Amino acid sequence: MATLFQGVGAATAFSASNKLHLPSRGSLSESKGSIFVVRSDAWMNNLLNLEARQPQRLITSAVATKADSSASTKTGHELLLFEALREGLEEEMERDPRVCVMGEDVGDYGGSYKVTKGLAPKFGDLRVLDTPIAENAFTGMGIGAAMTGLRPIIEGMNMGFLLLAFNQISNNCGMLHYTSGGQFKIPVVIRGPGGVGRQLGAEHSQRLESYFQSIPGIQMVACSTPYNAKGLMKAAIRSENPVILFEHVLLYNLKERIPDEEYVLSLEEAEMVRPGEHITILTYSRMRYHVMQAAKTLVNKGYDPEVIDIRSLKPFDLHTIGNSVKKTHRVLIVEECMRTGGIGASLTAAITENFNDYLDAPVVCLSSQDVPTPYTGPLEEWTVVQPAQIVTAVEQLCQ
């Protein structure tokens with residue numbers, strides 16, 4: 001499993017003597033007792049009303065989480081996440097001469113986070129194009145290039161800057177295939193760093209998944225490990241649809257061993273990170289590591305959480321998610337996106353609409369505070385979901 005210690009804060013220690021009593025499946029209308037869960041915007045709110053039911057058997061000797069199901073192998077080669085993105089990009093540029101890159105400082109400088117380092121000398125400045133600081137212009141140019149048969153990768157130096165190109169992404173990138181009656185395809189990849197960084201301030205700490213998810217005709221994926229970063233990059237470049245690839249600024253230096261042989265992942269599949277029985281935890285990007293940190297505490301306390309990295313933010317992999325819900329009957333969503341209109345809100349609606357009969361409790365979503373990200377470190381940490389909150393939410397949901 002890829003390891004990460006970039007997450008600020010640590011899980012609060014809890015007493016191992018606490019006992020877990022899992023209610024069996026049943027109608028929510030029979031609920032009488034009350035419990036509460038942590039929410040990121042109010043820390044603790046009374047949310048659920050559940051009757052104490054017959055307890056299920058606990059894992060009494062668990063001391064650690066189950067192995068991460070991502071590609072951990074003794075063979076292959078080790079890469080940092082940004083190097084894995086570069087390797088996937090380079091392989092696709094070698095395979096297909098139509099693939100090109102454009103953005104600010106992607107050429108000689110190698111990109112603000114070195115994802116495109118070394119590509120300009122190898123492929124030339126017509127395929128690795130440095131652009132002026134004009135996101136609306138070069139995004140529109142990339143979409144036009146895709147319409148004529150090229151396969152551009154557009155890098156936003158920071159995902160927040162792509163708000164300047166929102167018109168091009170929405171009215172052109174997402175809709176031209178439809179408004180042209182299928183005459184044009186838009187095989188373009190829009191990628192770049194985002195998320196809450198280390199004191200980068202509000203304008204450089206934006207989580208734009210919620211902004212782009214409502215645009216028709218666009219797919220969205222979020223990488224979280226070097227393995228899936230490379231696989232999703234290659235898949236996005238080969239897709240005939242416009243794809244937005246979200247990368248987290250704090251995950252670029254995450255290291256993992258990936259296979260030597262070529263592989264391409266699906267853009268529409270979630271990843272089972274940790275199988276479990278008691279509760280389904282859905283997450284993505286950086287929050288995957290906060291969840292896994294919390295899972296160590298939870299397993300030592302006798303809980304058996306199932307952790308899924310949804311990866312595909314649009315569309316959701318409802319097959320994988322649904323099978324998990326049918327097994328655990330409880331769902332906790334952990335995201336770095338804002339609560340209002342976030343990915344968690346859309347995911348909650350999808351689960352409730354499709355799998356409500358299998359739920360023994362309402363879906364609970366832990367999201368970031370609905371505030372601009374503060375610059376100061378302690379306040380920045382306060383706005384983002386921390387492992388201790390995840391532990392508390394699971395404990396309360398499983399009572």
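I looked up Asp105 and found it partly exposed, because its relative accessibility is 37%; buried means under 20% relative accessible area, exposed over 50% and partly exposed in between, with a 1.4 Å probe and protein chains only. Asp105 is not a glycine, yet has a positive phi of about 65°. Asp105 sits in the loop between strand E4 (99-103) and helix H2 (119-123); helices (H or I, at least four residues) and strands (E, at least two) are DSSP runs numbered from the N terminus.

I note for the record that this is a predicted model, where local features need pLDDT of at least 70 and side-chain atom pairs count only at pLDDT 80 or more, while totals for chains, interfaces and linings use all residues. Residues are numbered from 1 along each chain as its sequence is written, and side-chain values use heavy atoms, with hydrogens and water left out.

I checked Arg311 next. Arg311 also is not a glycine and has a positive phi, about 55°. Its place is the loop between strand E13 (305-309) and E14. At 7% relative accessibility, Arg311 counts as buried.

I then looked at Pro315. The peptide bond leading from Lys314 to Pro315 is cis, with omega near 0°. Pro315 belongs to the loop between strand E14 (312-314) and helix H9 (318-328). I logged these spots because most residues other than glycine have a negative phi, and most peptide bonds are trans.

I searched for aromatic pairs and got 3; rings of Phe, Tyr and Trp (its six-membered ring) pair if their centres lie within 6.5 Å, and planes under 30 degrees apart count as stacked, over 60 as edge-to-face and the rest as tilted. One of them is Phe166 with Phe212, stacked at 5.5 Å centre to centre and 20° between the planes. Phe166 is in helix H4 and Phe212 in helix H6 (residues 209-212), 46 residues apart. Phe166 is partly exposed at 29%, whereas Phe212 is buried at 0%. Tyr227 and Tyr263 are stacked too, with ring centres 4.5 Å apart and planes at 10°. Both Tyr227 and Tyr263 are buried.

I finished with helix packing. Helix H3 (residues 135-147) and helix H4 (residues 166-173) pack at about 25°, axes 8 Å apart. H3 and H4 are therefore roughly parallel (angles under 35 degrees; over 145 is roughly antiparallel, 65 to 115 roughly perpendicular, the rest oblique).

Notes. Axes are lines fitted to C-alpha atoms, for helices over the stretch in contact, and angles run from 0 to 180 degrees between N-to-C directions.
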